[in-house]
There are 2 protein chains.
Amino acid sequence: MSLIVMKFGGTSVGDIERIKNAAAKVAAEIQRGHKVAVVVSAMSGVTDQLIGYCRAITPRYDQREHDAVVATGEQVTSGLMALALQQRGLNARSWQGWQVGLYTDKAHAKARIVDIDAKALRASIDDFEIGVVAGFQGVTEDERITTLGRGGSDTSAVALAVALQADRCDIYTDVDGVYTADPRIVTAARKMPRVSYEEMLELASLGAKVLQVRSVEMAMRYRMPVQVLSTFANEIGSDLPGTLVTEGNEKMETNTVTGIAHTRDEAKITLVKVADKPGVAAHIFVPLARAGINVDMIVQSASDDGVSTDVSFTVGKADFERALRVLEDEKAAIGYDRLVSVKNVTKISLVGIGMRSHAGVAATMFETLAEKGINIMVIETSEINTSVLIADEYTELALRALHAAYGLDGG
Amino acid sequence: MSLIVMKFGGTSVGDIERIKNAAAKVAAEIQRGHKVAVVVSAMSGVTDQLIGYCRAITPRYDQREHDAVVATGEQVTSGLMALALQQRGLNARSWQGWQVGLYTDKAHAKARIVDIDAKALRASIDDFEIGVVAGFQGVTEDERITTLGRGGSDTSAVALAVALQADRCDIYTDVDGVYTADPRIVTAARKMPRVSYEEMLELASLGAKVLQVRSVEMAMRYRMPVQVLSTFANEIGSDLPGTLVTEGNEKMETNTVTGIAHTRDEAKITLVKVADKPGVAAHIFVPLARAGINVDMIVQSASDDGVSTDVSFTVGKADFERALRVLEDEKAAIGYDRLVSVKNVTKISLVGIGMRSHAGVAATMFETLAEKGINIMVIETSEINTSVLIADEYTELALRALHAAYGLDGG
């Protein structure tokens, strides 16, 4: 008998029928003889509606009250899911963050879990009662309600799996696993049966939306196996496995490139003719950091004349306008000639363990893109990924060509 | 400096604009130098929507999960009200039942308050932070969420006022006080500036919907002054007083009839030719009590022949069909000839302290109704009320005639 944590996201519990469907998935695991804790998100749309109420009162609101309001979304689903399980004759009850003892820090609206006192929940589950935990929420030491920020329910689920010493954490979502590339673009993309924590972390960070980065970090830290699978897969004969995120194994090491991620969330800024002297990088990036703007890919072109150089980097599209203002304000301090920005860019990333140590991996990428006439704006490499920035209009072409070039296409 | 508990019902916090309007009422009390605790209901319609979700899953649901789901309605309003107060530059925070320490018994969905540990809330208010408490909800000793049943927010407010040793509990609603009769029917009805606990309890029990019976009982037990007033009265120059429910005073005793209540919620059942022997009342009313059906006005007509008699009584319209089935099942045991039922009836009640000791009060009622040709079906009297059951179609005529006959019409 295993203990499994099953997490259902917002679309998986989007209405009463879907909650009943999710309850059927839980019932199937109970039928197989497992003990189960369920973690639920708010019904889709509810969180946005609640945030909308707060904003309608005041645009700059107290995050503690925001959390009290927004946490109700998951509370409603937890009660309804418990009812749906009871309706199937199962023993179940709801648990709010404060009832579990899911303690967080006081960073309201983006709180981090500091401790889970899961004794009562574990005792209840051992007594064959399914625990339905409201995801996304916790409580501070002084008993104020907190939320974990966007995607926090994945993190709740993995953290609870760790605290309950569960055997596995299953994340039910609207896709049936992790693919070698976005299957909506690359029709030849294959579902990966297994992927290592390290690769999943890169894929999630680099744009694969299937799992929240924080939840993968936590799974990796505590070596908790996480399975991604679909809530909507056919009930009958549905042991269609999802993707298991777990320890790396030998088979993985033979495939240098495991998958290809992409994101359209970044924009490129180039400072032209920056004085090529010590301290200039600080003059550019310290003011951006002070403004809370994260910078991603950075390249400094080789100086032609030993006097000036060009500096390019990417920022999140949401921060783009603000970054331009900061850089214009700092123009004198930085000392650049002009500023060139491009918003319509896509970052494409090859992900795979040992990429640097395999000669030719990056070369194949550059060749493939060159053959298709795709210009590379910025390149960045690490032990586990190789990323390039290209014009947005080439995204589909580049993804499909690279998928084929690295032998990832399904049979 | 006084401490005032201000309670806002569902229509008073029905949308964002109304929440802001209620916040302005709170700000005005703060301006006058008072300390304030606020108790809020769910935004109108929300509770019914949440109950609808539970019913859509299963018609016979676990009341504990019902409570976890439904309590979110007040939680949302408490957070939004705290934000609306902050937006006015006031210091405020939300409190859920479990955060206050509002302990109830385990009768989920209709829980009764057993203890309020208001120390933390009181300390916060003494520190000039407005406490916004989610009404209608509490927590059991073993930390499950409970709700107090329909109208429970009034009870929350009075109980908190008692626990906080407040000077007054103000109930803001969509009417501006307690009237001598329903002002929608009797245009001459006057708002009463004061009414005693005893009279208010009768008025509430007998159909005046302005305050919940349970909240009046609690106010009476602890002698907590309660004021009923309108949320929607004009802001400027609006010290329009509401109605203060408080100790009886001398002036009251001169008015024998304080007000006239009426209800259309009852239906009449008559058992014709019941054997007139000891034990027959038990044969009728014990089975009804076992079925959870409350019986109100009961009359047994004088026996003509010493052998059989007629027994009439009223039950709530919601229980009517069920009561008929119980009586038909028990026909042999009771031993009656036939059953006559009338659904379209109204109960009209004169309320006033010392009614029995004032000769002629009831006589005036019977005369007035006779003059208008209105037949009385059942009569019931107590120390504090005289009630008659009449055909529904005479309701408006009877109310207006009695209101004038007892000198209640305004100038």
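Predicted model: local features only at pLDDT ≥ 70, side-chain atom pairs only at ≥ 80, totals over all residues.
Chain A holds an open sheet of 4 strands in the order β13-β18-β20-β19, with antiparallel pairing. Its edge strands are β13 (259-263) and β19 (378-381) of chain A, each of which pairs on one side only. On average, neighbouring strands of this sheet are turned by 20° against each other, direction ignored. If you look at β19(A), you will find 4 bridges joining β19(A) to the antiparallel strand β20 (residues 385-391) of chain A. In this pair, T381(A) stands opposite T386(A) of β20(A).

Next come the helices on the sheet. Helix α14 (residues 361-371) of chain A packs on the sheet and touches β18, β19 and β20 of chain A, with a direction about 15° from that of β20(A). Helix α8(A) lies across β13, β18 and β20 of chain A and runs at about 175° to β18(A).

Helix α8 (residues 197-205) of chain A also packs with helix α9 (residues 213-222) of chain A, at an angle of about 170° and with the axes 9 Å apart. That angle is over 145°, so α8(A) is roughly antiparallel to α9(A). Their crossing is left-handed. Among the residues making the contact are Y197(A) and M200(A) from α8(A), and V213(A) and M220(A) from α9(A). By class, the residues of this contact divide into 8 nonpolar, 1 polar and 1 charged.

Finally, turn to the second chain. Here 29 residues of chain B are in contact with 29 residues of chain A. On the chain B side, the largest share, 11 residues, comes from α4(B). That side has 15 nonpolar, 9 polar and 5 charged residues.

Methods:
Residues numbered from 1 in each chain as written. Chains lettered and ligands numbered in written order. Axes fitted to C-alpha atoms, helices over the stretch in contact; angles between N-to-C directions. Helix = DSSP H or I, 4+ residues; strand = E, 2+ residues; numbered from the N terminus. Parallel < 35°, antiparallel > 145°, perpendicular 65-115°, else oblique. Left-handed = near helix turned anticlockwise from the far one by under 90°. Contact = placed C-beta atoms within 7 Å. Nonpolar A, V, L, I, M, F, W, Y, C, P; charged D, E, K, R; others polar. Pairing = 2+ DSSP bridges.
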